[in-house]
Amino acid sequence: HMSNLSDKINKKEAQPTDFEYQVAQALKEIEAASDLKSQMKDVKITGATEHEETFKGQKVSAVIIWLDYKSMAAVKSIHARLQSELEKRFRRSVALVFRRTIIPKYSKIKGQQKRPNSRTLTVVHEEIMKDLLFPHNFLGKRLRLKTNGKRVIRYILDPNDKDALQDKVTTLTAVYKKLTGKDVVFEFPLSREFPV
């Protein structure tokens with residue numbers, strides 16, 4: 001039983017956790033019960049955790065699923081369905097994030113002098129934000145320094161996405177902080193033309 005779940009988990013460094021097996025089981029069920037078979041066969045996770053906290057006075061309960069980077073095309077083609085099927089099963093928000101490797105500034109990669117720009121901490125963190133917002137995106141971002149010296153990133157969202165994203169903002173903020181350690185705020189400008 002566990003062995004046929006393992007082909008949904010690509011985790012090299014450790015044994016999958018019980019919860020990761022639960023997620024793999026859910027993926028298997030979605031694959032078996034739906035017309036998504038062909039896309040689902042390429043969907044693999046590299047990890048999964050449950051996240052619960054009280055964030056700014058609101059209870060946040062989410063499942064964070066790390067997906068194998070190679071699953072990206074398959075996942076993006078069925079993202080909304082996959083997310084809602086998983087949310088039905090776990091009865092809470094599900095964040096789908098692709099596993100990317102961050103390469104530190106000074107490491108030399110197998111003879112390469114320069115690390116690819118797509119692997120810097122900032123870029124990887126921005127890609128995580130895009131994963132969390134998908135299929136929506138942000139229009140821009142601004143860095144704010146608070147008086148106490150804390151950095152807060154303001155993400156400007158598309159006002160047209162307000163209905164879709166409004167209720168998710170607290171969860172998105174909490175999950176992003178959990179994944180990156182960074183504080184963010186989301187704003188919907190009144191119009192797309194003049195995001196401030």
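Modeller: Let us start with a term: on a 1 Å grid over the protein atoms alone, a cavity is a set of points where a 1.4 Å probe fits but cannot get out, and its lining residues have an atom within 4 Å of a point. The model is predicted, so to speak of local features we need a pLDDT of at least 70 and for side-chain atom pairs 80 or more, while totals for chains, interfaces and linings use all residues. Residues are numbered from 1 along each chain as its sequence is written, and side-chain values use heavy atoms, with hydrogens and water left out.

Biologist: Which residues line the largest cavity, and how much space lies in it?

Modeller: The lining consists of L67, V75, K76, H79, L96, F98, D131 and F134, and α4 (72-77) and β3 each supply at least two residues of it. About 30 Å³ of space lies in this cavity, where volume means the space filled by probe spheres set on grid points that are joined across faces, edges and corners. A search of the whole structure finds one cavity of 30 Å³ or more.

Biologist: What is the average pLDDT of the protein?

Modeller: pLDDT is the predictor's confidence in each residue, from 0 to 100, and the protein averages 89, with 89% of the residues scoring at least 70. Where pLDDT is low, the predicted coordinates should not be read in detail.

Biologist: What makes β1 and strand β2 (residues 58-67) a pair?

Modeller: Two strands pair if DSSP finds at least two bridges between them, and β1 and β2 have ten bridges in the antiparallel sense, so they are a pair by this definition. One of the bridges joins E53 to V60 in β2.

Biologist: Why are β1 and β3 said to stand at the edges of their sheet?

Modeller: The open sheet has three strands in the order β1-β2-β3, with mixed pairing. β1 (45-55) and β3 each have a single partner strand, so one side of each is left without a neighbour in the sheet. Helix α5 (residues 79-90) lies across β2 and β3 and runs at about 135° to β3, an angle taken from 0 to 180 degrees between N-to-C directions of axes fitted to C-alpha atoms, for helices over the stretch in contact.

Biologist: In what order do β4, β5 and β6 form their sheet?

Modeller: The order is β4-β5-β6, in an open sheet with mixed pairing. β4 and β5 pair in the antiparallel sense over seven bridges, whereas strand β5 (residues 151-157) and β6 pair in the parallel sense over five bridges. In the hairpin of β4 and β5, G149 takes a positive phi near 85°.

Biologist: How do you know that a polar contact joins D183 and K150?

Modeller: A polar contact is a pair of N or O atoms within 3.5 Å; within protein, one must be able to donate a hydrogen and the other to accept it, and residues adjacent in sequence count only if both atoms are side-chain atoms. The side chains of D183 and K150 are joined at 3.1 Å, so this pair meets the distance limit. D183 is found in strand β6 (residues 183-187), and V152 stands opposite D183 there.

Methods:
Helix = DSSP H or I, 4+ residues; strand = E, 2+ residues; numbered from the N terminus. Contact = heavy atoms within 4.5 Å. 1 Å grid on protein atoms, 1.4 Å probe; cavity = no way out; pocket = protein on both sides within 12 Å on 5 of 7 lines; lining within 4 Å.
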